[in-house]
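Please read it alongside the sequence and the model.

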Amino acid sequence: MTVVLSLWKGRVERPTPPPRMGDIAEAVALRTGQTIEEMRSDTQARHVCQARDAAMALMFETGRFSHTQIGRYFGRCRFTVLKAIARHKARMTERSEAQAA
């Protein structure tokens, strides 16, 4: 919640606006050490693809963006986005199982 001052109502709490696609991509880029330009490029390097997959999955999990919208942001088709989200989920499941063992 964000607190703002109103001339008529005094202090008013407004909900924090949901993140935009660029905000999510920037957060993933900072966390993974990539740049947004690399993630949006055609490169198939593993470290870039994994960062791109994570960003696509996070964007879809917000519930605000469709596969088509995410694909347009990254310059890919919606089927590529579906596959990237599935790869990311499989990677996270594998990682959590490895930590549990």
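Helix H3 covers residues 46–61, and its 16 residues reach 22 Å from the first C-alpha to the last, close to the 22 Å expected at 1.5 Å a residue. Helices are DSSP runs of H or I with at least four residues, strands are runs of E with at least two, and both are numbered from the N terminus. The expected span of a helix is 1.5 Å times one less than its number of residues. The model is predicted, so local features need pLDDT of at least 70 and side-chain atom pairs count only at pLDDT 80 or more, while totals for chains, interfaces and linings use all residues. Residues are numbered from 1 along each chain as its sequence is written, and side-chain values use heavy atoms, with hydrogens and water left out.

**Helix H3**

- The buried residues of H3 are Val48, Cys49, Ala51, Arg52, Asp53, Ala54, Ala55, Met56, Ala57 and Met59. Buried means under 20% relative accessible area, exposed means over 50%, and partly exposed lies in between (1.4 Å probe, protein chains only).
- The cover over these buried residues includes helix H1 (21–32), helix H2 (36–40), helix H4 (67–74) and helix H5 (78–100). Contact here means heavy atoms within 4.5 Å.
- Gly63 follows H3 and has a positive phi, near 80°.

**Salt bridges**

- Side chains of opposite charge can pair when their charged atoms come close. A salt bridge is counted when a side-chain nitrogen of Lys or Arg is within 4 Å of a carboxyl oxygen of Asp or Glu.
- The count by this rule is three salt bridges.
- Asp53 forms a salt bridge with Arg87, with the closest N and O atoms 3.0 Å apart. This pair links distant parts of the chain, as Asp53 is in helix H3 and Arg87 is in helix H5, 34 residues apart.
- Asp53 counts as buried at 3% relative accessibility, and Arg87 counts as partly exposed at 38%.
- Asp53 also meets Arg91 in a salt bridge between side chains (3.2 Å, N to O). Because Asp53 lies in helix H3 and Arg91 in helix H5, the pair ties together parts that are 38 residues apart in sequence.
- The side chains of Arg20 and Asp23 form another salt bridge, at 3.2 Å from N to O. Arg20 is exposed, with a relative accessible area of 56%, and Asp23 is partly exposed, with 31%.

**Arg91 in helix H5**

- Arg91 has its place in helix H5.
- The side chain of Arg91 makes a polar contact with the side chain of Asp53 at 3.2 Å. A polar contact is a pair of N or O atoms within 3.5 Å; within protein, one must be able to donate a hydrogen and the other to accept it, and residues adjacent in sequence count only if both atoms are side-chain atoms.
- Not counting residues up to four places away in sequence, Arg91 touches Gln50 and Asp53.

**Helix H1**

- The twelve residues of H1 should span 16 Å at 1.5 Å a residue, and its end C-alpha atoms are 16 Å apart, which agrees.
- Met21, Ile24, Ala25, Val28 and Ala29 are buried in H1. They cover an arc of only 135° around the axis, which puts them on the same side of H1. The arc is that of the directions from the helix axis to the C-beta atoms.
- Leu30 and Arg31 are exposed on the other side of H1.
- H2, H3 and H4 are what the buried residues of H1 pack against.
- Glu26 is in helix H1 and is partly exposed, with a relative accessible area of 43%.
- Glu26 and Thr16 are ten residues apart in sequence, and their C-alpha atoms are 18 Å apart in space.
- After H1 comes Gly33, whose phi is positive, near 80°.

**Arg40 in helix H2**

- Arg40 is found in helix H2 and is partly exposed, with a relative accessible area of 39%.
- The C-alpha atoms of Arg40 and Gly75 are separated by 6.9 Å, although the residues are 35 apart along the chain.
- Arg40 touches Tyr73, Phe74 and Arg76, not counting residues up to four places away in sequence.

**Strands S1 and S2**

- Strand S1 (residues 2–6) and strand S2 (residues 10–14) pair in the antiparallel sense over five bridges. Two strands pair if DSSP finds at least two bridges between them.
- S1 and S2 form a hairpin, with three residues between them.
- Ser6 stands opposite Gly10 in S2.
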